[in-house]
Amino acid sequence: MVKTDPATPCAVTALEDDPFYRSICAPYAADTVWRRAVLAKYFDYSIQEGRELGRSIHLADEARGVAVWLLPQCPRLESQAAQRKRTFLHAALSPKGCENYYQIIEFMSAKSAALIDEAAWYLSIVAVDPAVQGQGLGRKLLEPTIAEADRAGVICYLETFSQRNLSFYQRLGFEAAARFTEPTTGAEYTVMVRRPGKWPRSR
């Protein structure tokens, strides 16, 4: 039996209402137990993917939160990772879920590619257990990799469907670069970019 990452349950709880995650679980919208089980598989895979292709950062209490970053890789590794991801998605999601996934990713990737240098580091997932949100734990998850990116002199970026989270990311030096309506979900999202050393004055 594959061991589940300690942060997987909190990622499900924190992010299950995000339009992207609801869309890839669309056929299970009425079945909360099944939908959460599918999301658990997805987050568990994504956290491991971060370990292999970027950074997966946990809080001291690993069950309370996780941040997953994806960093640029050589074409061979990216191709291998894409094939593994494709195999996983077709096993874990329904056909409709896979269709939604690829439509969303295709749209969002094209929009980001027009705005972001291919050497940028991508913040894929940030999840903090809702029971302990508002205690600065999200910042603790992100600061180590942001500091590492600053030392490397690279840009970071993210995409968020949550208007509520914009001010949080702005406090970490991210700036809104563009806002789009994603057609599969029908939801608006913001592309945010952080340039090296771009800490706001009031930290």
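These are my notebook entries on a predicted model, written in the order in which I looked things up.

**Ground rules**

I number residues from 1 along each chain as its sequence is written, and I leave hydrogens and water out, since side-chain values use heavy atoms.

**Entry 1: the whole chain**

I found seven helices and six strands, and along the sequence they follow the pattern α-α-α-β-β-α-α-β-α-β-α-β-β. The radius of gyration is 16 Å, close to the 17 Å that the globule rule gives for 203 residues, so the chain is as compact as a globular protein of that length. For that comparison I noted that the radius is taken over C-alpha atoms and that the rule is 2.2 Å times the number of residues to the power 0.38. Along the principal axes, the C-alpha atoms fill a box of roughly 45 × 35 × 35 Å.

Next I looked up burial, where buried means under 20% relative accessible area, exposed means over 50%, and partly exposed lies in between (1.4 Å probe, protein chains only). Of the 203 residues, 44% are buried. I then turned to contacts, which are heavy atoms within 4.5 Å. Among the chain's contacts with a separation of 6 or more, 68% are between residues 24 or more positions apart.

**Entry 2: the sheet**

In what order do the six strands of the open sheet stand? I read the order as E1-E2-E3-E4-E6-E5, with mixed pairing; here two strands pair if DSSP finds at least two bridges between them. Strand E1 (54-58) and strand E5 (175-182) are the edge strands, since each pairs on one side only. Neighbouring strands are turned by 20° against each other on average, direction ignored. Angles run from 0 to 180 degrees between N-to-C directions, and the axes are lines fitted to C-alpha atoms, for helices over the stretch in contact.

**Entry 3: around strand E6**

I then followed E6 on both sides. E4 and E6 run antiparallel and are joined by five bridges, and Leu158 stands opposite Met192 in E6. E5 and E6 also pair in the antiparallel sense, over seven bridges, with Phe180 opposite Tyr189 in E6. The hairpin of E5 and E6 has four residues between the strands, and Gly186 takes a positive phi near 75° there.

Asp5 lies in the segment before helix H1 (8-15), and with a relative accessible area of 7% Asp5 is buried. For its polar contacts I used pairs of N or O atoms within 3.5 Å, where within protein one atom must be able to donate a hydrogen and the other to accept it, and residues adjacent in sequence count only if both atoms are side-chain atoms. The side chains of Asp5 and Arg51 are joined by a polar contact of 2.3 Å, and a polar atom of the Asp5 side chain lies 2.9 Å from the backbone nitrogen of Ala7. Not counting residues up to four places away in sequence, Asp5 touches Asp44, Ile47, Arg51 and His58.

Ile47 belongs to helix H3 and is buried, at a relative accessible area of 1%. Leaving aside neighbours within four places in sequence, its contacts include Asp5, Ala7, Ser56 and Val68.

Arg35 is also found in helix H3 (residues 32-53). Is Arg35 buried or exposed? At 7% relative accessibility, Arg35 counts as buried, and its contacts beyond four places in sequence are Glu16, Arg22, Cys25, Tyr28 and Ala29.

Terms used: Predicted model: local features only at pLDDT ≥ 70, side-chain atom pairs only at ≥ 80, totals over all residues. Helix = DSSP H or I, 4+ residues; strand = E, 2+ residues; numbered from the N terminus.
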